[in-house]
Amino acid sequence: MNALCAVEKPFLKGDMPKFRAGDTVRVHVRIREGEKTRIQAFEGVCLRRHNATLRSTFTVRKISYGIGVERIFPLYSPTIEKIEVVREGRVRQGRIYFLRARAGKAARIRDRGQRR
């Protein structure tokens with residue numbers, strides 16, 4: 001184990017769900033507005049996942065009022081309350097950026113358990 005992994009090990013959370021590109025996830029994010037904090041859910045398709053221990057990130061894309069919105073989350077950020085896997089999608093790529101160019105039914109992703 002190198003020195004960087006030894007430093008990052010105590011900060012890793014063990015309760016992160018297993019998900020990958022193509023899965024629909026709901027990320028509960030803690031948002032601070034002045035003195036108050038609240039939880040806001042951001043649900044969309046995971047476009048990519050970058051695994052690098054404590055520096056791991058994932059990108060989630062959703063369509064909001066007809067406009068595509070993408071957000072990059074640090075996986076082990078303290079602002080993330082929890083991550084739920086809503087649906088497991090079946091894709092053949094690790095990064096599914098081709099969804100950006102598609103809309104409507106063309107942007108559908110098959111379920112992982114489904115054949116063809």
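Helices (H or I, at least four residues) and strands (E, at least two) are runs assigned by DSSP and numbered from the N terminus. By that rule, the protein chain has 1 helix and 7 strands, and from the N terminus on its elements run α-β-β-β-β-β-β-β. This is a predicted model, in which local features need pLDDT of at least 70 and side-chain atom pairs count only at pLDDT 80 or more, while totals for chains, interfaces and linings use all residues. Residues are numbered from 1 along each chain as its sequence is written, and side-chain values use heavy atoms, with hydrogens and water left out.

We can begin with the chain as a whole. Its C-alpha atoms fill a box of roughly 45 × 40 × 25 Å, taken along the principal axes. Of the 116 residues in the protein chain, 28% are buried, a term that stands for under 20% relative accessible area, with exposed meaning over 50% and partly exposed in between (1.4 Å probe, protein chains only). If a contact is taken as heavy atoms within 4.5 Å, then residues 24 or more positions apart account for 51% of the contacts in the protein chain that have a separation of 6 or more.

The next level is the sheet. Strands of a sheet pair through backbone hydrogen bonds, either parallel or antiparallel. Here two strands are said to pair if DSSP finds at least two bridges between them. In this protein chain, 5 strands form an open sheet in the order S4-S3-S2-S1-S5, and the pairing is antiparallel. Strand S4 (67-74) and strand S5 (80-87) are the edge strands, each of which pairs on one side only. Neighbouring strands of this sheet are turned by 40° against each other on average, direction ignored, where the axes are lines fitted to C-alpha atoms (for helices over the stretch in contact) and angles run from 0 to 180 degrees between N-to-C directions.

Within the sheet, strand S3 can be followed from one partner to the other. Strand S2 (residues 36-50) and strand S3 (residues 57-64) pair in the antiparallel sense over 5 bridges; histidine 50 has threonine 57 in S3 as its bridge partner, and valine 45 has arginine 61 in S3. The hairpin of S2 and S3 has 6 residues between the strands, and there threonine 53 takes a positive phi near 45°. S3 is also joined to S4 by 8 bridges, and these two run antiparallel, with isoleucine 63 standing opposite glycine 68 in S4. S3 and S4 form a hairpin with 2 residues between them, and tyrosine 65 in its turn has a positive phi of about 55°.
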